[in-house]
Amino acid sequence: MITNNLKKIMFSIIAGSSATGFSSSSLSATLVDTSGAGVNYVGETMGNASMYRARPFGALINSFNHMATNSGALGTTFVKVGTGTTEATESDYSLEVENTDITCAVASCGTSDNLTKVYTVTFSNTTENDVVITEIGLFGCFSTFDNDMGDIPLNFLLDRTVLDTPITFRAGETKAITYEISF
Amino acid sequence: MITNNFKKILMLIFSSTAPVRDQPTLPTTNLPKLVGLDGIEYQIVNETGWHSNMTGWFNIMNHLAKASSNYNLYLKVGTGTATPTENDYELQTVNTDVSCDTVIVGNSANYTKTYTATFSNPTNSDITVTEIGLYANIMYNGRNEEYMDVLLDRTVLTTPITIPAGESKAITYELSF
């Protein structure tokens, strides 16, 4: 389920006040990071410099097309898996029970017929036990740029899906997971 | 129902090739084709430079005009009743007797954009509107600075709207994620 974070981002993107350029003045939203803290994104009006000033949102949009294998890389999207089974809600800001036993080794993204965004990740179970995955989360690592402090990368949940059919990773097994977003 | 045109435009949000801190930019390859009001496919062409940035496309979602004009949305009404499909590229039967007098863009709760247009009926007969279309005029060719009109959404009304002769009515269109 798409989270309120992603809804707010999409809504802010289509709310720009400039006719043809990149206006940050109306790009504002309060997102909830993975710790549950509210984070304000507030655009600034700086005339021709607005492109530069708007870079928190620029980085945010750019991240949708840049995949990483794990969290913490500014301006990237990444996938995590977990073992929670609670029904997903749009207010979710993290996975219910994140699993760190299996690791993501490969991540890529593309489009299908220009109508669907496809994120493909490969996870490996390096433990000696089977791991059953029941939930998957799509995250973005965005910056709340501050003029004095520079980039402040934070992670945000964009979508959480509880699987109808759980995925079992056998001990030592590697599997690819494909995440698709379409409208 | 939002059209494939609109879906492709929204998907461009997820296609920026710019580095982390740069202004979002369209890719230069594998860009979609959009279907114009004439039913012909137009290839989106990106050219590095001012016109190529993708943000101008999304800003149009906050600009509503009375009729087609560059970088604006606009509404048209019609009398078609065929069930909408995502492949629609124009209203079934555009009504040109009514005219759009005023437009307002707003925001409402739950991340919803509202587009309100007032249509007047200057004829001597009542007009019953059964379908409404949301359109955009966008620059599809950044190299030659060429614009096109695309249908973003076509809705067939469950309850048709009658605009009596000589009167006007406001129609509000809501768009949410």
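A: The following account begins with the nonpolar core and then turns to the backbone and a sheet. The model is a predicted one.

The largest nonpolar core comprises 70 residues. Those with the most contacts inside this core are F64(A) and F123(A) together with F14(B), M61(B), L73(B), F119(B) and L152(B). The greatest contribution comes from strand β6 of chain B, residues 127-141, which supplies eight residues.

L73(B) illustrates the packing. Leaving aside residues up to four places away in sequence, L73(B) touches I60(B), M61(B), H63(B), L64(B), A65(B), Y115(B), L134(B), Y135(B), A136(B) and L152(B).

Two backbone positions deserve attention. Most residues other than glycine have a negative phi. Y71(B), however, has a positive phi of about 60 degrees; Y71(B) lies in the loop between α2 (55-59) and β3 (72-78) of chain B. Y71(B) has a relative accessible area of 7% and therefore counts as buried, the limit being under 20%. N114(A), also not a glycine, has a positive phi of about 60 degrees and is found in the loop between β4 (102-112) and β5 (116-125) of chain A.

These two strands of chain A belong to an open, antiparallel sheet of three strands in the order β4-β5-β8. Its edge strands are β4 and β8 (174-182), and neighbouring strands are turned by 20 degrees against each other on average, direction ignored. Nine bridges join β5(A) to β8(A), and V121(A) stands opposite I177(A) in β8(A).

Technical notes. Residues numbered from 1 in each chain as written. Chains lettered and ligands numbered in written order. Predicted model: local features only at pLDDT ≥ 70, side-chain atom pairs only at ≥ 80, totals over all residues. Heavy atoms only, no water. Core = buried A, V, L, I, M, F, W, Y, C linked by side-chain atoms within 4.5 Å. Buried < 20%, exposed > 50% of the residue type's maximum accessible area, 1.4 Å probe, protein only. Helix = DSSP H or I, 4+ residues; strand = E, 2+ residues; numbered from the N terminus. Contact = heavy atoms within 4.5 Å. Pairing = 2+ DSSP bridges. Axes fitted to C-alpha atoms, helices over the stretch in contact; angles between N-to-C directions.
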